[in-house]
Amino acid sequence: MNNPAQTDPAIDPAAVLSAVLDWWREAGVDHAFADDPRTWLADPAAAEAAPERTVAPPPEPLRAVPKTPVVERLPGLDALPMTLAEFQQWWLNEPSLDGGHVAGRVPPRGVEGAPLMVLVDHPEAEDGEMLLSGPQGRLLAAMFTAMGIGPEAAYIAACLPRHMPLPDWAALDAAGLGEVVRHHVLLARPQRLLVFGRHISPLLGHDPAKSAEPLQQFVHENASIPLMVGPGLANLAGRPRSKAGLWQAWLDWTG
């Protein structure tokens, strides 16, 4: 059968093509689509002469080889002071204790042999010459008032000599910070030890991998001191339930 557009001179091929395009436009199709991509502006002769190219697979991502961190032991541990007064000066001036940083260190406060030693993680950002002189210190002072503890009855110390947000406690302990903290407690010779911050327990010789029970006794060398571990002072602020729980634990500990 012949094509009418070729046999009937009354039929205009351009009009037929226009009618077909209009029909597709009415159907909502106004572009030509194909599954294979085509470079419309490429030279046909050059495209035929060009050899077929293959796409190389992407390279495999590099895999980092895990390295065991090397933690250097604090040089100052080889000759720790043997008196509390000497230790306090060493605490402020020993360069190896804090990577050479001496500025911003805050000394502990209190007397040797106090009925209670309070141990926190590090000084507050507001501290200058006195440890815990900011909001945490005010909270601790209010607690002392409720506990009936006078300022002279407590020795207050920190595990770090200066304010250090987000310290790496595991690395510090591996470097020997735990030895420093335990030696500090021995020299202070308190009757009781109250720790604010459960993350401090490993520095006192507690291995959480072996026992999930909190420490109740600080035992080091020839010393054995009753111990109570509670939440950090920063975590207690604005949490009435935590304060109530700490108060009940204090009553049970001292009752």
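Predicted model: local features only at pLDDT ≥ 70, side-chain atom pairs only at ≥ 80, totals over all residues.
Residues are numbered from 1 along each chain as its sequence is written, and side-chain values use heavy atoms, with hydrogens and water left out.

**Pockets**

- A pocket is, on a 1 Å grid over the protein atoms alone, an open set of points where a 1.4 Å probe fits, with protein on both sides within 12 Å along at least five of seven lines; lining residues have an atom within 4 Å of a point.
- A volume is the space filled by probe spheres set on the points, and grid points are joined across faces, edges and corners.
- In the second largest pocket, strand 5 (223–230) and helix 9 (240–254) each supply at least two residues of the lining.
- Helix 9 gives the most to that lining, with 5 residues.
- The lining of the second largest pocket has 9 nonpolar, 4 polar and 1 charged residues; here Ala, Val, Leu, Ile, Met, Phe, Trp, Tyr, Cys and Pro count as nonpolar, Asp, Glu, Lys and Arg as charged, and the others, Gly among them, as polar.
- The largest pocket holds about 300 Å³ of space.
- Of the 16 residues lining the largest pocket, D121, H122, Q136, H199 and A234 are the closest to its centre.
- Helix 8 (residues 233–236) provides the largest share of the lining of the largest pocket, 3 residues.
- By class, 8 nonpolar, 6 polar and 2 charged residues make up the lining of the largest pocket.

**The chain as a whole**

- The chain has 9 helices and 5 strands, where helices (H or I, at least four residues) and strands (E, at least two) are DSSP runs numbered from the N terminus.
- From the N terminus on, the elements run α-α-α-α-β-α-β-α-α-β-β-β-α-α.
- Of the 255 residues, 35% count as buried, that is, under 20% relative accessible area, with exposed meaning over 50% and partly exposed in between (1.4 Å probe, protein chains only).
- Among contacts (heavy atoms within 4.5 Å) between residues at least 6 apart in sequence, 68% join residues at least 24 apart.

**Strands 4 and 5**

- Strand 4 (residues 217–220) and strand 5 run antiparallel and are joined by 4 bridges; two strands pair if DSSP finds at least two bridges between them.
- Q217 stands opposite P226 in strand 5.
- The hairpin of strand 4 and strand 5 has 2 residues between the strands, and E221 takes a positive phi near 55° there.

- G113 is found in the loop between helix 4 (84–93) and strand 1 (116–120), and G113 is partly exposed, with a relative accessible area of 26%.
- G113 and R189 are 76 residues apart in sequence, and their C-alpha atoms are 4.8 Å apart in space.
- Not counting residues up to four places away in sequence, G113 touches A188, R189 and Q191.
- M117 lies in strand 1 and is buried, with a relative accessible area of 0%.
- M117 and A154 are 37 residues apart in sequence and 5.5 Å apart in space, C-alpha to C-alpha.
- Not counting residues up to four places away in sequence, M117 touches Y155, A157, V185, A188, P190, R192, L193 and L194.
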